[in-house]
Amino acid sequence: ACLDGETWTVYDTANSGLPGNSVYHAAIDSTGACWFGTFSPDGRGLIRFDGEHWTAYQTWNSGLPHDTVQGLLIDSDGLLWVGTDDGLARFDGRTWTTFATSNSGLPGNTVKWTAFDDDGSAWIACDGAGLVHLVDDTWTVHDHGNSPLPHDRVYHVLIDGQRRKWISTR
């Protein structure tokens, strides 16, 4: 749904390009386009709406590693980061880059969320594998075995104005 002043617009499969009626994540890029992450049995994938056109990104037509989108974030450089059930994807509008346990220091492929610190480093919440700090090409994993994290199921990470990391776990 979109609230513009006093006017509500509800988007669903009947009046939009959404593949299903469940949207779990949203982000707005620098052009004003809305990105929607879906995660339900009735429709999955990443959807872009520029105010006029709907574009669906799924594993079969893009570099998205999985159609279940767990989290969305647009960084300060305008790159879209997509957490999925099979790794983390970065999209610059043309090229997809995928990070998974097979090609990076990511300790698990279910990525729930990514946050960026002021220095440009990424904090990645991995469900079942802990919290990952990515600085340049160095991946540092924080889990219950090497940090005070109470559990390795990390769902979300937020960074406040004092650069404190707020981490939600199981």
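Trainee: Which strands each supply at least two residues of the lining of the second largest pocket?
Mentor: Strand 3 (23-28) and strand 4 (34-40) do. Keep in mind that this is a predicted model.

Trainee: And which strand gives the most to that lining of the second largest pocket?
Mentor: Strand 3, with four residues.

Trainee: How much space lies in the second largest pocket?
Mentor: About 210 Å³. There are 13 residues lining the second largest pocket, and those closest to its centre are Ala-1, Cys-2, Tyr-11, Cys-34 and Phe-36.

Trainee: How many of the residues in that lining are nonpolar, polar or charged?
Mentor: The lining of the second largest pocket has 13 nonpolar residues, with no polar and no charged ones.

Trainee: OK, now the largest pocket. How much space is in there?
Mentor: About 350 Å³. The largest pocket has 20 lining residues, and the ones nearest its centre are Trp-81, Phe-116, Gly-120, Ser-121 and Ala-122.

Trainee: How does the lining of the largest pocket split by class?
Mentor: You get 10 nonpolar, three polar and seven charged residues in the lining of the largest pocket. On the strand side, strand 7 (69-74) and strand 13 (130-135) each supply at least two of its lining residues.

Trainee: You mentioned Trp-81. Where is Trp-81 placed, and is Trp-81 buried or exposed?
Mentor: Trp-81 is in strand 8, residues 80-84. Its relative accessibility is 5%, so Trp-81 counts as buried.

Trainee: What does Trp-81 touch?
Mentor: Leaving out residues up to four places away in sequence, Trp-81 touches Gly-71, Leu-72, Leu-73, Asp-75, Leu-88, Ala-89, Arg-90, Phe-99 and Phe-116. With Asp-75 there's also a polar contact of 2.9 Å between the two side chains. And Phe-116, like Trp-81, is among the residues nearest the centre of the largest pocket.

Trainee: How far apart are Trp-81 and Thr-98?
Mentor: C-alpha to C-alpha, Trp-81 and Thr-98 are 9.7 Å apart in space, and they are 17 residues apart in sequence.

Trainee: Which side chain does the side chain of Gln-70 make a polar contact with?
Mentor: That of Asp-85, at 2.5 Å. Asp-85 is also on the list of residues Gln-70 touches, together with His-25, Phe-39, Gly-83, Thr-84, Thr-110, Val-111 and Lys-112, again leaving out residues up to four places away in sequence.

Trainee: There's another Gln, Gln-58. Where is Gln-58 found?
Mentor: In the loop between strand 6 (54-57) and strand 7. Gln-58 counts as buried because its relative accessibility is 17%.

Trainee: What does the side chain of Gln-58 reach?
Mentor: The backbone oxygen of Arg-44, at 2.6 Å. Apart from residues up to four places away in sequence, Gln-58 touches Arg-44, Gly-45, Leu-64 and Asp-67.

Trainee: Switching to backbone angles. What is the phi of Asp-136?
Mentor: About 55°, which is positive although Asp-136 is not a glycine. Asp-136 is in the loop between strand 13 and strand 14 (138-142), and it is exposed, with a relative accessible area of 71%.

Trainee: And what is phi near for Arg-163?
Mentor: Near 65°, again a positive value in a residue other than glycine. Arg-163 is in the loop between strand 15 (154-159) and strand 16 (165-169). With a relative accessible area of 36%, Arg-163 is partly exposed.

Trainee: Zooming out, how many helices and strands does the chain have?
Mentor: Zero helices and 16 strands.

Trainee: Last one: what percentage of the residues in the chain are buried?
Mentor: Buried residues make up 40% of the 170. As for contacts between residues at least 6 apart in sequence, 32% of them join residues at least 24 apart.

Technical notes:
Residues are numbered from 1 along each chain as its sequence is written. This is a predicted model: local features need pLDDT of at least 70, side-chain atom pairs count only at pLDDT 80 or more; totals for chains, interfaces and linings use all residues. Side-chain values use heavy atoms; hydrogens and water are left out. On a 1 Å grid over the protein atoms alone, a cavity is a set of points where a 1.4 Å probe fits but cannot get out, and a pocket is an open set with protein on both sides within 12 Å along at least five of seven lines; lining residues have an atom within 4 Å of a point. Grid points are joined across faces, edges and corners, and a volume is the space filled by probe spheres set on the points. Ala, Val, Leu, Ile, Met, Phe, Trp, Tyr, Cys and Pro count as nonpolar, Asp, Glu, Lys and Arg as charged, and the others, Gly among them, as polar. A polar contact is a pair of N or O atoms within 3.5 Å; within protein, one must be able to donate a hydrogen and the other to accept it, and residues adjacent in sequence count only if both atoms are side-chain atoms. Contact means heavy atoms within 4.5 Å. Buried means under 20% relative accessible area, exposed over 50%, partly exposed in between (1.4 Å probe, protein chains only).
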